[in-house]
Amino acid sequence: MINVGIIGYGYWGPNLARNFAEMPGAALAAIADTDQAKLDVVRRRYPAVKTTANFHDLLADSSIDAIAIATPVSTHFEFGMAALKAGKHLWMEKPMTETSLQGQMLVEEASRRQRVLFVDHTFIYTGAVRKMGEIFKSGDLGRAYYYDSTRVNLGLFQRDVSVIADLAVHDFSILDYLTGEYPSAVSASGTNHFPGTPENLAYITLFYPSGMIAHANVSWLAPVKVRQILIGGSKKMIIYDDLEPSEKIKVYDKGVSFTDDPTQIQEMRVGYRTGDMWAPKLDGTEALRVGGEHFVDCVEHGKTPQTDGELGMRVVALIEAATSSMRGKGETVYIQPNRKPS
Ligand SMILES: NC(=O)c1ccc[n+]([C@@H]2O[C@H](COP(=O)([O-])OP(=O)(O)OC[C@H]3O[C@@H](n4cnc5c(N)ncnc54)[C@H](O)[C@@H]3O)[C@@H](O)[C@H]2O)c1
């Protein structure tokens, strides 16, 4: 049984608490939050769970094996490092840290102490993204041409991170999982419409060595919520609409082919293929449950999580590159091939 302590019981922390409380193999042991009103809610919901305003109490408690950090991103590095130094296994909320250097320090500390470092890139544990991973890996998609994501709604405005670190972070982790490729260049534009606050809208383009191009439109300033990804491959095309209650993924047998027949050289040599569309059955298990059970398994058996600190670092490095491009009004930021941690 893995005893888990959670730091931060704001918007996301309660989802972690519910999953760890219900999961076989894990026990929700304690929750720390500086906001007493949040702790009052915890005490009503989980009377047996210890509560404290001081997260150091969780680190000093030898009965706690693992710490989950669900506080604002600006606190992640300090809290994560303290938890590792106290000998705890670590669950970090996304994005892992503010800088890739901080991420690297956490990865090294976890490795030195042989502790599990899990980064909650939740989408990787959804049935929809896993199904798309199967379609990529089986070769059914063919060559990946493009990935085009729209992730917009009204809010939630964050105080300490931009919309890139809050929303595009999901696309960066999904792309890493699906393609296994790392971009060679990034160009992003975006703005903050409200002085003194982080950028609330951004358009990010990622260029890949294989020729694939990816785009993410992320915003906290849209009248409606949209969570849609369009993927084009040489054999199949996919629409993933995360707001669809069922049939989130639709796979289209559509595409184009070009002939190199010399007799047609003067003509448009493109042919269009329009075949069937189908909606594969997806595993509907809550992603946090799948990720949580994987975390417990990694702690129990000394395994490396699928969403480990290395992935966390790759994602943070992309946030840095995209942010740098955005602040240079879309100027291309090249990523060294060796920038991708192995
Ligand atoms: N994986 C996902 O899909 C997902 C979704 C939402 C949020 N998140 C991540 O979860 C983290 C938290 O986001 P949120 O939206 O819940 O933020 P939030 O502001 O709603 O909650 C943060 C909580 O941390 C508490 N806190 C702050 N400083 C503290 C301290 N020193 N000690 C103890 N508690 C402290 C606050 O009182 C608050 O209750 C962020 O990293 C965010 O990116 C992840």
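**Ground rules**

I work with a predicted model, so I note that local features need pLDDT of at least 70, that side-chain atom pairs count only at pLDDT 80 or more, and that totals for chains, interfaces and linings use all residues. Residues are numbered from 1 along each chain as its sequence is written, and side-chain values use heavy atoms, with hydrogens and water left out.

**Entry 1: the ligand**

I looked up which residues surround the ligand. A residue is near it if one of its heavy atoms lies within 4 Å. There are 22 residues around the ligand, and Tyr11, Trp12, Asp33, Lys94 and Thr122 come nearest.

I sorted this shell by class. Ala, Val, Leu, Ile, Met, Phe, Trp, Tyr, Cys and Pro count as nonpolar, Asp, Glu, Lys and Arg as charged, and the others, Gly among them, as polar. The shell has nine nonpolar, seven polar and six charged residues.

Next I looked up polar contacts. A polar contact is a pair of N or O atoms within 3.5 Å; within protein, one must be able to donate a hydrogen and the other to accept it, and residues adjacent in sequence count only if both atoms are side-chain atoms. Lysine 94 has a backbone N or O atom 2.7 Å from an oxygen atom of the ligand. For glycine 10, a backbone N or O atom is 3.4 Å from a ligand oxygen atom. Threonine 34 has a polar backbone atom 3.4 Å from a nitrogen atom of the ligand.

How much of the ligand does the protein cover? On its own, the ligand has 850 Å² of accessible area, and the protein covers 80% of this. Accessible areas come from the Shrake-Rupley method with a 1.4 Å probe; for residues, only the protein chains shown count as cover.

I came back to lysine 94. Its peptide bond to proline 95 is cis, with omega near -20 degrees. Proline 95 sits in the loop between β5 (89-93) and α5. Helices (H or I, at least four residues) and strands (E, at least two) are DSSP runs, numbered from the N terminus.

I also found that the bond from glycine 155 to leucine 156 is cis, with omega near -15 degrees. Leucine 156 is in the loop between β7 and α7 (163-179).

**Entry 2: cavities**

On a 1 Å grid over the protein atoms alone, a cavity is a set of points where a 1.4 Å probe fits but cannot get out, and a pocket is an open set with protein on both sides within 12 Å along at least five of seven lines; lining residues have an atom within 4 Å of a point. Grid points are joined across faces, edges and corners, and a volume is the space filled by probe spheres set on the points.

I found three cavities of 30 Å³ or more. The largest cavity holds about 40 Å³ of space. Its lining includes Phe123, Arg151, Arg227 and Tyr240. Strands β7 (144-154) and β11 (221-233) are the elements that give two or more residues to this lining. By class, the lining of the largest cavity has three nonpolar, three polar and three charged residues.

**Entry 3: the second largest pocket**

This pocket has about 280 Å³ of space. Of its 17 lining residues, Ser111, Arg115, Val116, Leu117 and Thr304 are closest to the centre. Helix α5 gives the most to the lining, with three residues. The lining divides into seven nonpolar, six polar and four charged residues.

**Entry 4: single residues**

Buried means under 20% relative accessible area, exposed over 50%, partly exposed in between (1.4 Å probe, protein chains only).

Is serine 219 buried or exposed? Serine 219 counts as buried, because its relative accessibility is 5%. Serine 219 is in strand β10 (residues 213-219). A polar atom of its side chain lies 2.8 Å from the backbone nitrogen of leucine 221.

Glutamine 114 is not a glycine, yet its phi is positive, about 55 degrees. Glutamine 114 lies in the loop between α5 and β6 (117-120). Its relative accessible area is 67%, so glutamine 114 is exposed.

Lysine 329 has a positive phi too, near 55 degrees. Lysine 329 lies in the loop between α9 and β15 (333-334). At 77% relative accessibility, lysine 329 is exposed.
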